[in-house]
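User: I am new to this structure. Please take me through it in short questions and answers.

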Amino acid sequence: MAPLDSVRRRPGHRLRRAAVLLVAVLAGLGALPGAAVAAPGAQLNAADMTLLNGVRLAGLWEMPAGQMAAEKGQSAKVREIGAEISRQHGVLDQLVVDAANKLGTTLPTDPTAEQKGWLGEMQEARGAQFDQIFVTRLRVAHGKIFPVIGAVRASTRDPIVRKLAEEANKFVGDHMTMLESTGLVRWQQLPPAALPPAQSDSLLAAARAGAPVGPSTGVSTTVVWLVFLAALGTAGLATYRVLRRG
């Protein structure tokens, strides 16, 4: 019977195997950059989450606030604006929920204790007092989220968050204009603008745009080199054994 040469480890076969191992090692050397690693996936930071949570919380309390205004506002203007703000926050709320689902993150499901207090305050108010409280509370709240939107839009690295910031900016700007059209905004009582410290590159220190929310998913260059050197040693040992058997 003829020998099964196809499955024998002939000397020529060993040499070819050794050559393949050496080529793989050299290819790894050529592909490994000096100090760079593969870019990790998109990572949300504190500023991104500030925007997502802020937009969500705004909808959770401003939708019922707008509904109250539509039903019990004294002036027709307040009733009209309340209904429209509530409707638009429904649209914006769906946008932020969709964004969070794409990003794999969670959002608040209830207003904050402070926001619940504002809703309770509106429930107790009547007539002109209600109109004033509604306009004042919503105008102050919109003024607080507005600079956060701008800061996140300017610095976020995530395209989904960037798109949400652009959409939220339009809604919030329109809402402030509507509230101001009532003539009930008390400008002297609005909180002063929270400007960043002098010589600071941060547009909004509270947003902490560069601070990651969770542990970093990046891989250090040291770890990459250690893994590569271990693979190099394993490949070299395998090559030596192949050549030795040959």
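User: What percentage of the residues in the chain is buried?

Analyst: Buried means under 20% relative accessible area, exposed means over 50%, and partly exposed lies in between, with a 1.4 Å probe and protein chains only. This is a predicted model, where local features need pLDDT of at least 70, side-chain atom pairs count only at pLDDT 80 or more, and totals for chains, interfaces and linings use all residues. Residues are numbered from 1 along each chain as its sequence is written, and side-chain values use heavy atoms, leaving out hydrogens and water. Of the 246 residues in the chain, the buried share is 33%.

User: How confident is the prediction, as an average pLDDT for the chain?

Analyst: pLDDT is the predictor's confidence in each residue, from 0 to 100. A score of at least 70 is reached by 61% of the residues, and the chain average is 77.

User: Over which residues is the pLDDT below 50, with 22 contacts beyond near neighbours in sequence?

Analyst: Contact means heavy atoms within 4.5 Å. Where pLDDT is low, the predicted coordinates should not be read in detail. Residues 1-10 have a pLDDT below 50 and 5 such contacts in the model. The stretch with 22 contacts is residues 20-41.

User: How many helices and strands does the chain have?

Analyst: Helices (H or I, at least four residues) and strands (E, at least two) are DSSP runs, numbered from the N terminus. The order of elements from the N terminus is α-α-α-α-α-α-α. The count is 7 helices and 0 strands.

User: How far apart are the end C-alpha atoms of helix α3?

Analyst: The expected span of a helix is 1.5 Å times one less than its number of residues. Helix α3 covers residues 76-103, so its 28 residues should span 40 Å. The model agrees, with the end C-alpha atoms at 41 Å.

User: Why does the pair of F130 and F134 count as stacked?

Analyst: Rings of Phe, Tyr and Trp (its six-membered ring) pair if their centres lie within 6.5 Å; planes under 30 degrees apart count as stacked, over 60 as edge-to-face and the rest as tilted. The whole structure has 2 aromatic pairs. In this one, the ring centres of F130 and F134 are 6.1 Å apart and the planes meet at 15 degrees, so the pair is stacked.

User: Is F130 buried or exposed, and what is its relative accessible area?

Analyst: F130 and F134 are 4 residues apart in helix α5 (residues 127-155), about one helical turn. F134 is buried at 1%. F130 is buried too, at 0%.
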